[in-house]
Amino acid sequence: MNSVLRSKLLFLIFILIPFVFMLGACTEKSDVTPQKKTDSTGKKNEEASDDQATLVLKNGIVYTMEEDQPIAEAVAVKDGEIQFVGSSSDVEKYVGDDTEVIDLEDKMVSPGFIDGHTHPPGIWTSKLFEVELTSLNTHEDYLKAVADFQKKNPNAEIILGGGWKYGPYEQSDGTNLGPTKEELDEIVPDIPVILVSIDRHAVWANSKAFELAGIEENTPNPKGGEIVRNPDGTPRGVVREEGDLFNKVLDMAPPLTKEQRKEAMLKYMEEANSFGITGVQNIGGVEMWEEIRQEGKLTMRVAGAPFIDPGMKPEDAVQQILADRETYKSDWIMVNTAKIFADGVTEAATALYLEPYGSGANKGHDHHGDTSWETDTLNEMVAALDKEGVQAHIHAIGDGAVNMSLDAYEFAANANGKRDSRHTITHISAIRDSEISRMAKMNVIASMQPFWFYKDQYYDAEKAMLGEERALAMYPTREMWDAGVTIASSSDYPPTPDYRPLNAIETGVTRNSPYPEEQDTDLVRNIDQALTVKEMLQSYTKNAAYQIFRENDLGSLKIGKKADMVVLGEDLTKIEPKIISETSIVYTIVDGKIVYKGK
């Protein structure tokens, strides 16, 4: 080959080489195989998709609450929704340069917990602005707390607080009239003192408050309520159950400012997130939640349930709920439920039972409890709500109130036709066997409080009021679950001051106290009615979402649903049940964003 030809060939090679590399690069870029990406740990990913996730959880034990895929290893999230549920190897294709990747290291993932009956902000108002008695357990401690508050607030014109319990006032014969106004008078005689009980069904006040409320010896009891009296007939210092006199005492309290209410709500929300709670059935109004949402600070889903009083006309109640339903209908806040009281509480002898109370109630031989509703009035109210597609959420402690509630739901179904109403009964301390099957057949949801399933702070009062056999037989959840009743768990905070779902799950499984210092004492109630860990998890996730009509986007981990999740330090199904309550909350995730990170 001559030198001229050699020069031409070399020239062509040098010219063509760059084009060859360019062609190869173009071929690689157009290949269906995704580019290699880097996750947040710096590790190269062999199969990254252009559809990058914002958050990936991998190498975990994911309980989806979905029957077709109950267990997975990984979850990918994008734009607040679940993008993928499956294996840790397959999730890698969703990892991109901007994806936050969390290696769970065998930690557990569950749908976020939904508290199906709670009263925010609960005791946060007392913690921040009033006398907080919830953490105290003796009469002496209550009085000291009031005295300390007055000392710190010498210019107060009224003293408010709450959280006292009936336990310290039980007499040797089982009767319990509660505390007296004179004991408060010794500390604060000149300004009103108003203290709400932990169950929110009684007010303890001093003489000044009684005087200003116009309550004296000859004042009659309001319908559905009671002025507790001494043996000589004089008012003792406690008014039980909501009614004109109860509210008259409370109405003396100046309302909290908007700023104070918001501060208490934000404190509650922060605490609830730290417990793994991502949604609530808020008993009451939701106006403050809406303001928090508009400020971009809301980190939980809220289903509102405004109160419906016995004195309301059905058309007015329906109008109120429908107006709220139209106003609040975002992914964050919805309203389509009405809260109704069918009875009171056992410890005040105001819960309605089919069989009479025992001698400990100090109400005679034929006292069955109280209700603020006439049967026909309740039936008409529920039917009016049901006709407009509004869900009723009825407080019923005693089996008599449960019976009354089921009758009202049956009346509504006969009047309007059967539909997917999901009417709910909350509390259900006692229920007859025949009513359990009836409840399941009618698809009435049971909003239960597992915190009450052991011999808790109310048990001694229940035993004194009803007798040991009836008190032990309360909360037959195993029988209800097996009969097909949908049980959705909740706390009823602040009457239940501890509203941590893990404590409730443990109690539902053990029927014992979740507190280590109490677990070896005789506090187990009706162990035959215990549920399994998975059933309790379902009650706090899938079933609670179903209760609030959010099963299409909440309550389980499935592609397309909201990315509301909780990461737990251990697999609850693999540890000893008595330490479930000690399991750490590692992350709480709402709308795909980490809203709580454990220490």
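**Reading a few features, step by step**

User: Let's start with a single residue. Where does threonine 234 lie?

Analyst: Threonine 234 sits in the loop between β15 (226-229) and β16 (235-240). Keep in mind that this is a predicted model.

User: Is threonine 234 buried, exposed or partly exposed?

Analyst: The cut-offs first: under 20% relative accessible area is buried, and over 50% is exposed. Threonine 234 has 22%, so it counts as partly exposed.

User: Which residues is threonine 234 in contact with, leaving aside its neighbours within four places in sequence?

Analyst: Those are Glu217, Val228 and Arg229. As for alanine 156, it is 78 residues from threonine 234 in sequence, and the two C-alpha atoms are 28 Å apart in space.

User: On to helices. How do I read a pair such as α7 and α8?

Analyst: Two packed helices are described by the angle between their axes and by the distance between the axes. Here, the axes of α7 (residues 258-274) and α8 (residues 287-294) come within 10 Å and cross at roughly 75 degrees. Angles of 65 to 115 degrees count as roughly perpendicular, so α7 is roughly perpendicular to α8.

User: Which residues make the contact?

Analyst: From α7 it's Lys258, Arg261, Lys262, Met265, Leu266, Tyr268 and Met269, and from α8 it's Met288, Trp289, Glu291 and Ile292. By class, the contact has seven nonpolar residues, four charged and no polar ones.

User: What about α17, how many of its residues are buried?

Analyst: A general point on helices: there are 3.6 residues a turn, so residues three or four places apart point the same way. In this case, helix α17 (residues 533-540) is mostly covered, with six of its eight residues buried. They are Val533, Glu535, Met536, Leu537, Ser539 and Tyr540.

User: Last one, strands. Which way does β26 run relative to β25?

Analyst: For strands, look at the bridges and the direction. β25 (residues 565-568) and β26 run antiparallel, joined by four bridges. β26 also pairs with β27 (residues 593-597) in the antiparallel sense, again over four bridges. Tyrosine 587 of β26 shows both pairings: valine 567 stands opposite it, and its bridge partner in β27 is lysine 597.

User: How many residues lie between β26 and β27?

Analyst: Two, and the strands form a hairpin. In that turn, aspartate 591 has a positive phi of about 55 degrees. Strand β26 (residues 585-590) itself is mostly covered, with six of its six residues buried.

Key: Residues numbered from 1 in each chain as written. Predicted model: local features only at pLDDT ≥ 70, side-chain atom pairs only at ≥ 80, totals over all residues. Heavy atoms only, no water. Buried < 20%, exposed > 50% of the residue type's maximum accessible area, 1.4 Å probe, protein only. Axes fitted to C-alpha atoms, helices over the stretch in contact; angles between N-to-C directions. Parallel < 35°, antiparallel > 145°, perpendicular 65-115°, else oblique. Contact = heavy atoms within 4.5 Å. Nonpolar A, V, L, I, M, F, W, Y, C, P; charged D, E, K, R; others polar. Pairing = 2+ DSSP bridges.
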